[in-house]
Amino acid sequence: MMDPRLPAAAAPFVAFTTLLRANGFAVAPEQTTAFLAAITLLGPRSLDHIRRAAHATLAPPPERREAFDALFDAHFLGTVALGREAAEPNAEHVRVQEDRPGGFEPPASDDSNEAGQAATAAEALSMRRFGPADEVDTLRRFQRALPERLPQRRGYRRIAARRGPDLDLRRVMRGAVRNDGEIFRLPRLNRRKRRRPILLVIDVSGSMKARTDAHLRFAHALVRAADRIEVFTIGTRLTRVTRALQLKNREQALATASGLVSDWDGGTRIGDALQAFLAVPRFAGTARGAVVLILSDGLERGDPKAMTDAVKRLAARAWHLSWMTPLAADPGYRPETAALKSILPHLDTLADAGSTERLCLHVLNLAQARAA
Amino acid sequence: MVVRSKVAGIDSPEALAHALTSAFYLADDGLATAAYLGLALGKPLLLEGAPGVGKTEAAKALAGVLGRRLMRLQCYEGIDAAAALYEWNYPRQMLAIRQAGDKPVDIYRDEFLIERPMLQVLRSPDSTVLLLDEIDRSDHEFEALLLEFLSDFTISIPERGTLSARERPVVILTSNRTRELHEALRRRCVYHFIGYPAPEREAQIIMLRASSVAEDTARAVVAAVGRLRREPLTKPPGIAEAVDWAEAATVLAKGGATWPDAFKRSIGVAIKDEEDNVHIAPRLDAIITGAAA
């Protein structure tokens, strides 16, 4: 409901923020206030001023700027947003897809957001059926065990600890004040442990078809259990699905994620897709010091040199790089293809991705495996 | 919300853009509007963009325009209250306790307080600008620490109580977007994303910042840099690199090198990654001759 004390002229601007929320932009009440104040301040001389005020105060993320502008035009100019998706670019380049240009943010509570937008979108996107999850139990146990067993490193933040290299002088002085200037205890500081970030890359090409659904369910469990994680799918394209997988409800999350991916069961251009990943500095940065897991059979149809080069660069950034292939389930498996052979020296592990249980075990044992 | 329509004699985005130009910074309409709104609404200004597009320069120019001292706080993982807000002077506290003997002594007075940049800005908001640089390098704990400061401009010191600013200080945050900032932080700020400028504007920026560079050189560099940014490079050249490249090529040309050669030999100031160099090497000649044409 509109606040009756607001002047009538403010109504379209408040309505615009409501429209934004319904389309999945996070707009806080204080941002609406700032937006109105900004328009008052600039004096709505032209629509451009209003647009710039909206950009500054409502802060749409740059990758969703186009969707934001389309909504702005639709609301203030009455134009219908057409052709928001760019035309299919040149097939030579692997296309990078962000989490859906006109998409939605995962709602804070996953049952419903104000507009019920997530639920309807998820229903509309049920293009793909996810089979009955018989590994539910395995994944549940995995989720519970993971936070304790993720690889850690020493962080740079210091916290109070029983032992440590530095004195906590602040607590020393407080103790001294309590005890008439006498010091009885010397509390110490130590560096806090931090869990390493995870980067998961899932191959969704035709040759991996049988395992793709299970891999996405595994990804969902991983996203729910780890705090710093990024998930991408590769096929003929690179798609970021982290946000979709953050939804708590598994079916909803998987349906949303599969709605984002447009290259299901297609060809494989692993090398180009990984190059595309490395070419976006914001994505490439997520591999730094991370546990990198690539779920792929490595059956590259493109140039094996592109793949080798990309894996080499990825290995240089990652803390641990494992290539997990369902083909390794066969005990007699040896990497035969030129591409897989040439990346072998850069991998930390070539592991078995034959079943969800193997995947889970591999991730849980990473910390020890690397220490050994 | 306290709204000041006029800050330091600046009463519109256009006036601010004009003032910034005289401080050798060319701001586009979006940046001028966001910066003006930040000043007028008393909110922090959050600038995001790729490395080298001039986020830190914008903060410096803004401080120059306002005639205030820039307090720069470089963020890093583990940056904490002791580095950003305040710290107690422990040796002096110790000494005070020892000297006091039997008499009671207050070791949490001002004389024992060491002011770090954020507290300094809080105490003299009318003469300083706070720059929280590369906030994405800090961790979640520091972001949480910032929330109180950015919304109310207060700092709580457990031993002393809450200190608040007499007036709203000017605060600028920059981020390279290596990670996503928390929503709570973003919504407290006025936001602007600085993209790569249009070729025309970038040529102007180069000539403004490097006065020795001729217009033709600036245009050629802008064209070449534009092509380089379309390549899948680990570290695409920013505006700073474009300025350096134009300057470096000019210096080499004055030393007698021919133009395409001067560009090629000074590529090291534009491309600063060995893999990028290897990637671009086969096409470099075509890019440079194409740009100079």
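**View 1. Helices, strands and buried residues of chain A in a predicted model.** Chain A contains 16 helices and 10 strands, where helices (H or I, at least four residues) and strands (E, at least two) are DSSP runs numbered from the N terminus. Of the 372 residues in chain A, 38% are buried, a residue being called buried if 20 or more other C-beta atoms, placed from the backbone, lie within 10 Å of its own. This is a predicted model, in which local features need pLDDT of at least 70 and side-chain atom pairs count only at pLDDT 80 or more, while totals for chains, interfaces and linings use all residues. Residues are numbered from 1 along each chain as its sequence is written, and chains are lettered from A and ligands numbered from 1 in the order in which they are written.

**View 2. Confidence along chain A.** The mean pLDDT of chain A is 80, and 83% of its residues reach 70 or more; pLDDT is the predictor's confidence in each residue, from 0 to 100. Below 50 lie residues 83-93 of chain A, a stretch that has 6 contacts in the model beyond near neighbours in sequence, and also residues 100-133 of chain A, for which the corresponding number is 46 contacts. Two residues are in contact if their C-beta atoms, placed from the backbone, lie within 7 Å. Where pLDDT is low, the predicted coordinates should not be read in detail.

**View 3. The open sheet of chain B.** Five strands of chain B form an open sheet with parallel pairing, in the order β2-β5-β8-β1-β9, and two strands pair if DSSP finds at least two bridges between them. Because β2 (69-74) and β9 of chain B stand at the edges with a single partner strand each, one side of each is left without a neighbour in the sheet. Strand β1 (residues 45-48) of chain B pairs with β9(B) in the parallel sense over 4 bridges, and B:Phe193 in β9(B) is the bridge partner of B:Glu48. Packed on this sheet, α2(B) touches β1, β8 (170-175) and β9 of chain B, and its direction makes about 165° with that of β9(B), where axes are lines fitted to C-alpha atoms, for helices over the stretch in contact, and angles run from 0 to 180 degrees between N-to-C directions.

**View 4. Where chain B touches chain A.** The contact takes 36 residues from chain B and 33 residues from chain A. On the side of chain B that touches chain A, α2 (29-41), α5 (90-100), α8 (183-187) and β9 (190-193) each supply at least two residues, and the largest share, 7 residues, comes from α2(B).

Terms used
Buried ≥ 20, exposed ≤ 12 C-beta atoms within 10 Å, placed from the backbone.
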